[in-house]
Amino acid sequence: MHDEDLAQGPDAGRELPAEWRTYDDPETDARIRQLTDCEEGDSWHLYFTEPSWYDDGRRLMFRSTRGGNGIDLYSVDLETGGIRQLTDLPSSLSGVTCHPDASVAAFWADDRLVAFDLDRETLTSLYRLPDGYGGSHAAITADGERVVAAISERVDLERDDENRERWMEARMNVDANSKVISVPLSGGEPTVHVDENRWLNHVNASPTHPELVTYCEEGIWERVDRVWGLDLTSGDTWRIRPTEEGEAVGHEYWLADGEYVGYHGWRGDRDDPDAFFGQVRYDNEDRREAPAPDVYTHFHSNTRDLVVGDGTYRGVPYDLLWRWDEEASAYEAPRMLATHNWQSDADAHPHSRLAPDGDSVVFDSTRGGAGSEVYLATVPEDLSDLPRYEGPGLRVD
């Protein structure tokens, strides 16, 4: 991609009418707002590790293929429902991250790492990938000064959608280089913080400590210590929530305090798992874990007091909420918030995330029968208004 290719196309900045509709969930009675409804393409909020809300919570950013040129960025006004197209670029965007306080997003556009000023809606090219490398999900440091990402050598290995685990095992066995780099948002040369011949991937930045990020060792979870911490200042790197024999942990994210890292995993046989979710401080202190319905899901929490989980496509097609009971020193039995009808990998993964104030949960779903759309579920003040989940897959001690 050349610099001139970062020039926005004619659709950047266009305003679209509201598409939203509101309904009560048929199984939980929770109030749900479907934010997008477009037959011309799919829409997804940002990956669950990233805040989609910005402009003091008034707007929610999402990705969509509705423009016909691949994936571009859009936003929806949460007061009016009006939609605005933010980017119009010739290649699909990937690895989108957002820093609402710094009013900036970053993403990969072809071989470029690009910053997007949310106030001016302008693009700046920050970094070009070396030949033969691909970029992973980016992150912006807490002070809004640097973008951090993992880059890896591309490998000549055909994806196996019929057997993803077989493909991942083959990828793990390829001796290819990966690096964790950071690039100044103000411009300048990148810094290489980690440089190893193992498969490194998704970087997440602590929202309060500018020097702290996590990155992952990608692969079959049972065979890697996936979650790693990195101090960008000292260069120190360490395992976070190391796994014992027969354990698997992943889908890590930072809580809002920037001190704790959340995750989920399982022990034993993946087909009959002892599944759990949890949080631990970045220095591996103060671990808290609780039973989960199944292994294939995502969890998110702003604080340790309220946790949302996707459920799973293996018979638990709901967003579930767990509330911490301080007196019992345990999580209460989960409550069902929203029905997303996740049935298989052919459907949109919900990638559920709590709003910054915890009053709603954003998720993706194909429940409308067509493509993926973005939904927002209202969290009631009293969780006891929601039905208790008592279905299969949840082992309660």
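1. Leaving aside neighbours within four places in sequence, His 300 is in contact (heavy atoms within 4.5 Å) with Phe 48, Tyr 253, Leu 306, Val 307, Val 308, Ser 352, Arg 353 and Leu 354. The model is a predicted one, in which local features need pLDDT of at least 70 and side-chain atom pairs count only at pLDDT 80 or more, while totals for chains, interfaces and linings use all residues. Residues are numbered from 1 along each chain as its sequence is written, and side-chain values use heavy atoms, with hydrogens and water left out.

2. His 300 lies in strand S26, residues 299-303; strands (E, at least two residues) are DSSP runs, numbered from the N terminus. With a relative accessible area of 1%, His 300 is buried (under 20% relative accessible area, 1.4 Å probe, protein chains only). Its side chain makes a polar contact with the side chain of Arg 353, at 3.4 Å. A polar contact is a pair of N or O atoms within 3.5 Å; within protein, one must be able to donate a hydrogen and the other to accept it, and residues adjacent in sequence count only if both atoms are side-chain atoms.

3. Ser 301 is also found in strand S26 and is buried, at 0% relative accessibility. The side chain of Ser 301 makes a polar contact of 2.8 Å with the side chain of Tyr 253. Beyond four places in sequence, the contacts of Ser 301 include Trp 254, Leu 255, Leu 306, Val 307 and Leu 354.

4. Leu 354 stands opposite Val 361 in S32. Two bridges join S31 to strand S32 (residues 360-365), and these strands run antiparallel. Pairing requires that DSSP finds at least two bridges between two strands. An open sheet of five strands has the order S2-S3-S33-S32-S31, with antiparallel pairing. Strand S2 (21-24) and strand S31 (353-354) are at the edges with a single partner strand each, so one side of each has no neighbour in the sheet.

5. Not counting residues up to four places away in sequence, Leu 320 touches Pro 293, Val 307, Val 308, Gly 309, Pro 334, Arg 335, Met 336 and Tyr 389.

How values were computed: Helix = DSSP H or I, 4+ residues; strand = E, 2+ residues; numbered from the N terminus. Buried < 20%, exposed > 50% of the residue type's maximum accessible area, 1.4 Å probe, protein only.
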